[in-house]
Amino acid sequence: MTPILGEIALSYALPLFVASSLVILTAGTLLARVAQRLAHLTGIGQALMGAVFLGGTTSLPGIIAATTSAWQGHAELAMNTAVGGIAVQTAFLAIADMAYRKANLEHAAAAPANLMQGSLLVTLLALPLLASAVPEPAILGVHPISLMMIAGYIFGLKLISVSVEEPMWAPRQTRETHEEGERERRGRQKDRKLLWLQFALLALVVAGAGYLVAQSGIAISRETGLSESAVGAVFVAVSTSLPELVTAVAAVRRGALTLAVGDVLGGNCFDILLVSLADIAYRQGSVYAAISVQHTFVLALSILLAGILLMGLLRRERYGIGRIGFESFLVLILYLGGMAFFLSTS
């Protein structure tokens with residue numbers, strides 16, 4: 001499939017890549033503000049707002065990038081955009097931890113919904129690895145595991161909702177534990193409609209910028225000779241994940257800690273569906289057939305980082321290394337080391 005913009009020259013691709021990333025950066029900051037107000041006004045709560053609405057919206061650039069890349073036959077770029085985004089977004093949460101000065105983010109934002117999201121993420125991340133190890137049966141050109149991922153995500157959202165409405169246990173409250181306020185819970189209908197409209201418009205801006213990032217990323221790969229794996233896992237994955245970084249840091253600075261963690265973990269759970277969408281869009285067979293040792297490495301790294309983050313949420317260390325928790329520090333170091341190794345072997 002020929003992209004709408006046609007073949008992009010490198011001299012245009014680089015500025016387009018940077019400009020699109022800046023658009024995502026700006027829109028992500030505004031999204032955090034709107035999402036926090038909506039969480040209060042609608043009564044949805046920060047955990048579900050972060051997991052479903054904010055997480056899904058900030059994943060739009062990745063969705064656009066992965067599906068358009070797959071539709072154009074770039075299976076490696078699509079796969080690494082999907083799974084590379086999960087790894088970098090988990091590392092971004094460590095950066096958000098630095099922005100919160102009162103205590104470690106894992107301690108202050110402890111909530112059953114966040115733990116449930118982390119568990120769902122690890123479960124969903126295992127499915128592409130299973131798909132790569134079995135034959136390629138297809139239903140209308142789509143691997144059954146892609147359908148399992150979609151069903152598992154929907155069932156996981158139900159479990160997260162139950163954990164919010166009827167929690168069977170709760171973390172011990174401390175002075176540093178953040179509790180979601182009740183203010184503005186009964187906001188005016190007019191205010192809610194206006195905020196939903198703003199949210200939808202920002203989502204469209206983020207989606208459009210995501211498409212431009214995908215097309216410029218393909219052009220950079222073609223013109224520079226860099227492998228699609230490297231471009232997808234690092235450049236495209238990082239730029240399309242900027243909304244998570246911006247919204248997480250902005251939410252932390254506004255005191256919406258549960259929203260920040262829910263945005264990243266919820267966005268990661270949503271991002272694993274990018275593999276399913278890429279499989280549907282990829283018409284030359286199953287996208288799982290394109291899973292290489294490099295893809296397996298990124299998937300395994302993502303599972304490792306998610307597991308460490310989960311342990312941090314359970315351990316709830318109040319203070320760590322300077323302004324960052326030990327688990328957050330470990331996540332950041334492992335991500336940077338993992339990507340350095342990845343690029344050296346790509």
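Biologist: Is W196 buried, exposed or partly exposed, and what is its relative accessible area?
Modeller: Bear in mind that this is a predicted model. W196 comes out as partly exposed, with a relative accessible area of 30%. That falls between the cut-offs of 20% for buried and 50% for exposed.

Biologist: And F199, buried or exposed?
Modeller: F199 is buried, at 6% relative accessible area. W196 and F199 sit three residues apart in helix α8, which is about one turn of the helix. Their rings form an edge-to-face aromatic pair, with 6.0 Å between centres and 75° between the planes.

Biologist: OK, how many aromatic pairs are there?
Modeller: The count comes to three. One of them is Y153 with F270, edge-to-face, at 5.7 Å centre to centre and 85° between the planes.

Biologist: Where do Y153 and F270 lie?
Modeller: Y153 is in helix α7 (residues 144–165) and F270 is in helix α11 (residues 257–271), so this pair ties together parts that are 117 residues apart in sequence. Y153 is buried, with a relative accessible area of 6%.

Biologist: Switching to the core. How many residues are in the largest nonpolar core, and which have the most contacts inside it?
Modeller: It has 89 residues, and M149, V275 and Y288 have the most contacts inside it. Helix α4 (residues 75–99) gives the largest share of this core, with 14 residues.

Biologist: What is Y288 in contact with, leaving aside its neighbours within four places in sequence?
Modeller: Y288 touches P128, A131, S132, H143, I145, S146, M149, V275, S276 and D279. M149 and V275 from the top of the core list are in that set too.

Biologist: Now the outside. Which residues form a nonpolar patch on the surface?
Modeller: L194, L197, L201 and L204 do, with about 410 Å² of accessible area together. L201 lies in helix α8 (residues 189–224), the helix that also holds W196 and F199.

Biologist: Last one: how far apart are A39 and L259, in sequence and in space?
Modeller: They are 220 residues apart in sequence, but 8.7 Å apart in space, C-alpha to C-alpha. A39 is in helix α1 (residues 10–42).

Biologist: Is A39 buried or exposed?
Modeller: Buried, with a relative accessible area of 0%.

Technical notes:
Residues are numbered from 1 along each chain as its sequence is written. This is a predicted model: local features need pLDDT of at least 70, side-chain atom pairs count only at pLDDT 80 or more; totals for chains, interfaces and linings use all residues. Side-chain values use heavy atoms; hydrogens and water are left out. A nonpolar core is a set of buried Ala, Val, Leu, Ile, Met, Phe, Trp, Tyr and Cys residues joined through side-chain atoms within 4.5 Å. Buried means under 20% relative accessible area, exposed over 50%, partly exposed in between (1.4 Å probe, protein chains only). Helices (H or I, at least four residues) and strands (E, at least two) are DSSP runs, numbered from the N terminus. Contact means heavy atoms within 4.5 Å. Patches are made of residues with over 30% relative accessible area and no salt bridge: like charges are joined within 9 Å, nonpolar side chains (Val, Leu, Ile, Met, Phe, Trp, Tyr) within 5 Å. Accessible areas come from the Shrake-Rupley method with a 1.4 Å probe; for residues, only the protein chains shown count as cover. A salt bridge is a side-chain nitrogen of Lys or Arg within 4 Å of a carboxyl oxygen of Asp or Glu. Rings of Phe, Tyr and Trp (its six-membered ring) pair if their centres lie within 6.5 Å; planes under 30 degrees apart count as stacked, over 60 as edge-to-face and the rest as tilted.
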